[in-house]
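The sequence and structure come first.

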Amino acid sequence: MGDIPGEAAAALNLANTLSRVGRKREGVDMMRVALDLRKRQVIAAEEALATVMTRETSASASGGRDAASAENNRAAYARRSLAEALRSEAAAKANLGTAVASFDDDAPAGGGNGGGGSGSGSNALDAIELFEDALSSLKKKARVVADAHDVELEIGLLLNLSNVNDNQHPDKVAGRAEAAARRGELADAMAKIPGGGRSLSTECAICLEAMSPFDGECGARVDGDGGGGDIRAKGDGRSITTLSCLHGYHTKCWDKVVGDKHAAACPECRKRQDLAASDARSGAARERVTVHA
Ligand SMILES: [Zn+2]
Ligand SMILES: [Zn+2]
């Protein structure tokens, strides 16, 4: 199949370099190239597996024991290649989603979406779709060959889905509800970590007030203290940002910490959050996980 994986890895490297030097749009385009290559890799691997499977049945039908076991090995190999391709595809979707979510359309002033400044809402929706897509690639992969490694990627994706829905969704109420649901799945996935027993923060360690990570019912109060906000039911309507270390904070509290760039480490565990300098202001600080292919 040529060297599709090699080309895809090179495209991802180039994309990362482009984003690092501030050429974000080209970086995003290059990530799309990488994703297309991964999709081709999946198709090629599916075809290879299908071919082996038909040969396997004819080999066992014709009775030769050795021939059958050789085909068996080939089938196992093909299955592993497909699993690898699907995982890479999931990672490529995750990476593209991450790049899209943090991509500020600095298109000439067009739609000033009033404050917030965390990219346009349609970017957020695109990113959400990519993350969801990545989850389906991962599920498909788990049906081929499952391994413990996948939990990490699944957690990263659910974390991104929680954060983008909560902080960047153009429909705040819908975004909050979706984020709460995704955090529920995140908690389930966290329970799968070997020796795990980790749970999501229910208190913001910056302001020391309570948070409700699974409560999507609260009203769409946009800002901290705005009087007369329509707070429906329980919850306090504050968005949450969960970091890659899985510690969570009120988004406003975390943004204050990120505002001071030297302190862009988790206040609880001191894990540094990987913030490109140019991202720090754009709300892209919302933790997004970059995945290694
Ligand atoms: Zn707080
Ligand atoms: Zn932490």
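## Helix 7 and its packing

The buried residues of helix 7 pack against helix 5 (149-168), strand 1 (240-242) and strand 2 (248-250). Helices (H or I, at least four residues) and strands (E, at least two) are DSSP runs numbered from the N terminus. A residue is buried if 20 or more other C-beta atoms lie within 10 Å of its own, exposed if 12 or fewer, and partly exposed in between, with C-beta atoms placed from the backbone. Residues are in contact if their C-beta atoms, likewise placed from the backbone, lie within 7 Å.

In helix 7 (residues 251-259), Thr-251, Cys-253, Trp-254 and Val-258 are the buried residues. They line one face of the helix, because they fall within an arc of 160° seen down its axis; the arc is that of the directions from the helix axis to the C-beta atoms.

## Basis of the model

This is a predicted model, in which local features need pLDDT of at least 70, side-chain atom pairs count only at pLDDT 80 or more, and totals for chains, interfaces and linings use all residues. Residues are numbered from 1 along each chain as its sequence is written, while chains are lettered from A and ligands numbered from 1 in the order in which they are written.

## Nonpolar cores

A nonpolar core is a set of buried Ala, Val, Leu, Ile, Met, Phe, Trp, Tyr and Cys residues joined through C-beta atoms within 7 Å. The largest one has 45 residues, and Met-31, Ala-34, Ala-127, Phe-131, Ala-134 and Leu-157 have the most contacts inside it. Helix 3 gives the largest share of this core, 13 residues. Domain 1 (1-142) and domain 2 (148-293) both contribute residues, so the core lies between them; the domain bounds come from an automatic or database domain assignment.

Leaving aside neighbours within four places in sequence, Met-31 is in contact with Leu-12, Ala-15, Asn-95, Leu-96 and Ala-99. Another core, of seven residues, lies apart from the largest one and includes Cys-204, Met-211, Tyr-249 and Val-258.

## After helix 7

Cys-266 lies in the segment after helix 7 and counts as buried because it has 21 C-beta neighbours inside 10 Å. Not counting residues up to four places away in sequence, Cys-266 touches Leu-243, Cys-245, His-247, Lys-271 and Gln-273.

Arg-270 is found in the segment after helix 7 as well. Arg-270 is not a glycine, yet its phi is positive, about 65°. With 8 other C-beta atoms within 10 Å, Arg-270 is exposed.

Definitions and conventions. Contact = placed C-beta atoms within 7 Å.
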